[in-house]
Amino acid sequence: MAAIITTIARIASGSRSIATVTISRASKLNALNSHLFNLLTNEMRTIPKDHSNLLAVILTGQGTESFIGGADIAEMSVLDSPAAAREFITGVHTACKSIRDCPVPVIGQMNGYALGAVLEIAASCDFRVASQHAVFGMPEVNVGIPSVVEAALLPGLIGWGRTRRLLMLGDTISAVEALQWGLTE
């Protein structure tokens with residue numbers, strides 16, 4: 001079942017807390033469908049309001065295989081009109097914006113695949129950390145799906161040439177390359 005799991009942990013001093021928001025859809029590599037985009041947006045807007053002592057938010061995916069395996073291709077494949085596609089894209093944009101608008105730092109904890117629209121989710125985070133086996137990219141361009149939402153954030157992180165490599169060639173990069181490029185900290 002697709003869900004967003006949020007845990008709040010007090011840090012050592014006891015007066016501040018850190019929230020961990022976990023995308024939980026491991027059977028689909030934590031791929032985000034419209035329902036999860038809406039839940040994520042709501043959670044990113046609600047947590048700071050409900051926890052005035054919040055120090056940071058860690059955004060991650062359940063398990064070790066995937067941070068978030070991208071947008072749900074199965075859902076995208078049945079979008080039957082420009083209006084339906086626009087609604088889906090707006091959901092991606094709104095989720096990314098809710099991360100950027102969060103009043104405390106958001107740390108993307110990449111524990112596996114960070115592909116497609118989720119690379120844009122990662123780019124929306126204030127900081128990105130990755131496990132050694134993380135993989136980053138926009139492979140959807142290899143099957144004719146353009147990256148149209150928040151890819152404009154990437155040049156500020158990795159430069160125009162590297163962004164074009166990801167967006168035009170559909171290349172994926174390793175965690176080591178992501179660190180070398182400045183995509184992760």
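Buried means under 20% relative accessible area, exposed means over 50%, and partly exposed lies in between (1.4 Å probe, protein chains only). By that cut-off Asn30 is buried, because its relative accessibility is 0%.

This is a predicted model: local features need pLDDT of at least 70, side-chain atom pairs count only at pLDDT 80 or more, and totals for chains, interfaces and linings use all residues. Residues are numbered from 1 along each chain as its sequence is written, and side-chain values use heavy atoms, with hydrogens and water left out.

Helices (H or I, at least four residues) and strands (E, at least two) are DSSP runs, numbered from the N terminus. Asn30 sits in the loop between S2 and H1. Leu29 belongs to the loop between strand S2 (17–24) and helix H1 (34–50). Most residues other than glycine have a negative phi. Asn30 has a positive phi of about 60 degrees and is not a glycine. Leu29 also has a positive value, near 55 degrees. Leu29 is partly exposed, because its relative accessible area is 31%.

**Strands**

Two strands pair if DSSP finds at least two bridges between them.

| Strand pair | Bridges | Residues standing opposite |
| S3 and S5 (residues 106–110) | 4 bridges | Leu59 and Gly108 |
| S5 and S7 (residues 127–130) | 4 bridges | Gln109 and Val129 |

S2 is mostly covered, with 6 of its 8 residues buried. In a regular strand the side chains alternate between the two faces of the sheet. S5 has a covered face made of Val106, Gly108 and Met110. Its uncovered face holds Ile107 and Gln109.

**Nonpolar core**

A nonpolar core is a set of buried Ala, Val, Leu, Ile, Met, Phe, Trp, Tyr and Cys residues joined through side-chain atoms within 4.5 Å. The largest one has 46 residues. Leu40, Val57, Leu59, Phe67, Ile121 and Phe136 touch the most other members. Helix H4 (residues 117–124) gives this core its largest share, 6 residues.

Contact means heavy atoms within 4.5 Å. Setting aside residues up to four places away in sequence, Leu40 touches Ile4, Val21, Ile23, Leu59, Ala95, Ser98, Ile99 and Ile121.

**Val104**

Val104 lies in the loop between H3 and S5. Val104 counts as buried because its relative accessibility is 13%. Beyond its neighbours within four places in sequence, Val104 contacts Leu54, Leu55, Ala56, Val57 and Asp126. Val104 and Ile18 are 86 residues apart in sequence, yet 9.8 Å apart in space, C-alpha to C-alpha.

**Largest pocket**

On a 1 Å grid over the protein atoms alone, a pocket is an open set of points where a 1.4 Å probe fits, with protein on both sides within 12 Å along at least five of seven lines; lining residues have an atom within 4 Å of a point. Grid points are joined across faces, edges and corners, and a volume is the space filled by probe spheres set on the points.

The largest pocket holds about 440 Å³ of space. Its lining has 26 residues, and Ala71, Ile73, Met76, Phe88 and Ile145 lie nearest the centre. Helix H2 (73–77), helix H3 (82–100) and H4 each supply at least two lining residues. H3 gives the largest share, 4 residues.

Ala, Val, Leu, Ile, Met, Phe, Trp, Tyr, Cys and Pro count as nonpolar, Asp, Glu, Lys and Arg as charged, and the others, Gly among them, as polar. On that basis the lining divides into 17 nonpolar, 4 polar and 5 charged residues.
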